[in-house]
Amino acid sequence: VRAAAWTVAGLLVAGPAGAGSREIQVGFEEFHYATGETALNRGNVLGLDDKEDLLRATLGYKESQGSLRLVFRGFVEKRLDTDVDTDWTTREAYAQYGFGDGLSVRIGKQRVSWGSGFAWNPTSRLEPPKNPLNPSLEQQGALAVRTDWIPTAWAGVILVAAESEVVSRDAPLDAPSRTRRTGAVRARLLVRDTDLAVVFSGGRNQRTLLGLDVGRTFGPVSAHAEATTYRGAELPPARDDQRFSRLVAGLLWTRDQTSVSAEYFYNGEGYSQDELDLYLADLDSAYRHSIDPALPPPIQSLEGQRYRALAAVPYSGGLGLRQHYLQAAWSRGTSSGTWTAALRGVLALSDGGTALTPGLTWSPTGHLTANLDAILLFGPDDSEYGMSPLRSALQTRVKVIW
Amino acid sequence: MSSLLLVALLAAPPPADEILRRAQGAVLGETAVYTLRMTVSRPGKSERVVEMKGWKKGDDLGLVRYTSPPKERGTAYLRNGGSTWLYLPSAEKVVRVGAKQNFGGGDFSNGDVFRLSLSKDYVATLAGEETVDAQACWKLELKARDRSVAYDRVVYWVRTDGTFFPVRADYYTLSGRRLKWLTTAEVGKIGGRARPTLLTMESALETGARTLLKFLAIQDDVPLDDRLFTPSALEKGE
């Protein structure tokens, strides 16, 4: 990370971009969370204050010179009112080189944003998972080598070897994580104005999956469907002998500065009510044992670790605890692009929980954008959103771009 | 007698298809790389100005990448046949969008920008000669070949002075309502030849709403690989 930071600093002072292009972004992000003691945070084992504040200073840099592109994005984060050290995170740091129109190679920490789904991408198991409370946040990339090969005008192939964490880091949760290593190939075809993509991926600490992605336009509406099948579950228990599937299907309508989208997500391995009850009972058991004075301290400690691992399950890249979700999003901007309002809602059809994310973007000049977003969670205590230790959030982001 | 016949033949206008073909090549060549500035105006609101670089090949392949302002840099539109995709650099994501969607939030549709050629989508007939903006013009009636295109009918005026520069186009819906009209101006030498360099699209539905496309540079007949115009290429980013 230090080497990347020094490299960027060196490039920043190296002079004008010459014949290429250069972009520099500097910003601040402030995340204000209201937290609570829920099934995932019994006795506040996560050590959260009632009000948590994360302050981030962000830096972005992109330089293109001929066939070479260098990208860096990262942030320094301070959890306010705590003695937790300031933390540096690199979201992306990669170099890309193109060999004509048909081949390019990208090496470093990078996003691998494939899949036609908006809120869920079941065919992409390469990156650290999105924060399920706010998938619109800029994502961290995976350490990867990626090759894009376009042999013909109707076909493209992407090969990726990646390493990433399996727990979302965009939330103040002290969740245990582990590393997964993935090899993946995605073949994309354009057949009679229809997008088709076939994905195969597998590796360590993950399931081997086969995916299919389809997209087509019908007049003013574009439609997409992204599906996978794999053996064994990502959510505990492992259920190694069962085959699961996931499907995202959605529509997008755009006109002028307005866009409306809707998306349905079927998560085949999501918990039924009985399975959720078992999960909650397991959580409860682990918590009670962790504070049971009758048990030896080492056992209490082990049970505490088990509780934390179970509490991290909703943030461990399983794409959702339950089976059926519906997402709708709307955004509208002014013709000048100065103001944009957006509202996004996810309804967990299986448990009645709802996450609403209203937002406002102000961009008075071409160099400055400021976002104000809120996250509001509703639902029964044992619903996915009702269990979240983060009860609501207010996010302010300011970015200056040259 | 034969000389009279020759004069008559010389004075006769070319076939409508030929006029349309020559007119659509008057702004951009069969393949072209260009830069342009788009200005979107709405009554009582501040203007939105975007600069972009574009690549065009034939009637079906087009790519435009925003270069300015910085907050929109990297945003790209791709047209390949009947499909249009939008690349969002902040999400590093390619999204398929409707072909009739307005381009960049202005008054041009994606089809207007990427399919400057009309002959594939419309049947042209010559409807006479008229003077438009002090220019003698052929008036062409264009009727949509099918309902997949943005407009059912287009009335198109092309200069008769041998330049074949398009002067004006009126766009109509299936119900016969005029949606908007295009005018061309500022003929100047750019990319080695004279051509209209300013296209203005005005809305017939909202008084004062207009979008200007000003060509800043054009290179015609540049060899372009078809693979440039694919969603796979778009996925790689800039």
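**Cores, strand pairing and aromatic contacts in the predicted model**

Leu142(B) is in contact (heavy atoms within 4.5 Å) with Leu20(B), Leu118(B), Tyr122(B), Val123(B), Ala124(B), Asp152(B), Arg153(B), Val154(B) and Tyr156(B), residues up to four places away in sequence not being counted. Together with Tyr156(B) and Phe215(B), Leu142(B) touches the most other members of the largest nonpolar core, which has 45 residues. A nonpolar core is here a set of buried Ala, Val, Leu, Ile, Met, Phe, Trp, Tyr and Cys residues joined through side-chain atoms within 4.5 Å; buried denotes under 20% relative accessible area, exposed over 50%, and partly exposed the range in between, with a 1.4 Å probe and protein chains only. Strand E1 of chain B (residues 31-41) supplies the largest share of this core, five residues. A second, separate core holds 34 residues, among them Val248(A), Leu280(A), Leu321(A) and Val346(A).

The model is predicted: local features need pLDDT of at least 70, side-chain atom pairs count only at pLDDT 80 or more, and totals for chains, interfaces and linings use all residues. Residues are numbered from 1 along each chain as its sequence is written, chains are lettered from A and ligands numbered from 1 in the order in which they are written, and side-chain values use heavy atoms, with hydrogens and water left out.

Chain B contains four helices and 13 strands, assigned as DSSP runs numbered from the N terminus (helices H or I, at least four residues; strands E, at least two). Strand pairing requires at least two DSSP bridges between the strands. E1(B) pairs with strand E2 of chain B (residues 48-57) in the antiparallel sense over ten bridges, and Val40(B) stands opposite Arg48(B) in E2(B). The two strands, E1(B) and E2(B), form a hairpin with six residues between them, in whose turn Gly44(B) has a positive phi of about 75°. E2(B) is also paired in the antiparallel sense with strand E3 of chain B (residues 61-68), over seven bridges; Gly62(B) in E3(B) is the bridge partner of Lys56(B). Three residues separate E2(B) and E3(B) in this hairpin, and Gly58(B) in the turn has a positive phi of about 60°.

Over all chains, 14 aromatic pairs are counted. The criterion is a distance within 6.5 Å between ring centres of Phe, Tyr and Trp (its six-membered ring), with planes under 30 degrees apart taken as stacked, over 60 as edge-to-face and the rest as tilted. Phe72(A) and Trp88(A) are stacked because their ring centres are 6.1 Å apart and their planes lie at 10°. Phe72(A) belongs to strand E3 of chain A (residues 68-79) and Trp88(A) to strand E4 of chain A (residues 87-99), so the pair ties together parts 16 residues apart in sequence. Phe72(A) counts as buried at 2% relative accessibility, whereas Trp88(A), at 29%, counts as partly exposed. Tyr66(B) and Tyr77(B) form a tilted pair, with 6.3 Å from centre to centre and 45° between the planes. Tyr66(B) lies in strand E3 of chain B and Tyr77(B) in strand E4 of chain B (residues 76-80), eleven residues apart; both Tyr66(B) and Tyr77(B) are buried. Trp120(A), Phe265(A) and Tyr325(A) form one aromatic cluster.

Of the 238 residues of chain B, 57% count as buried.
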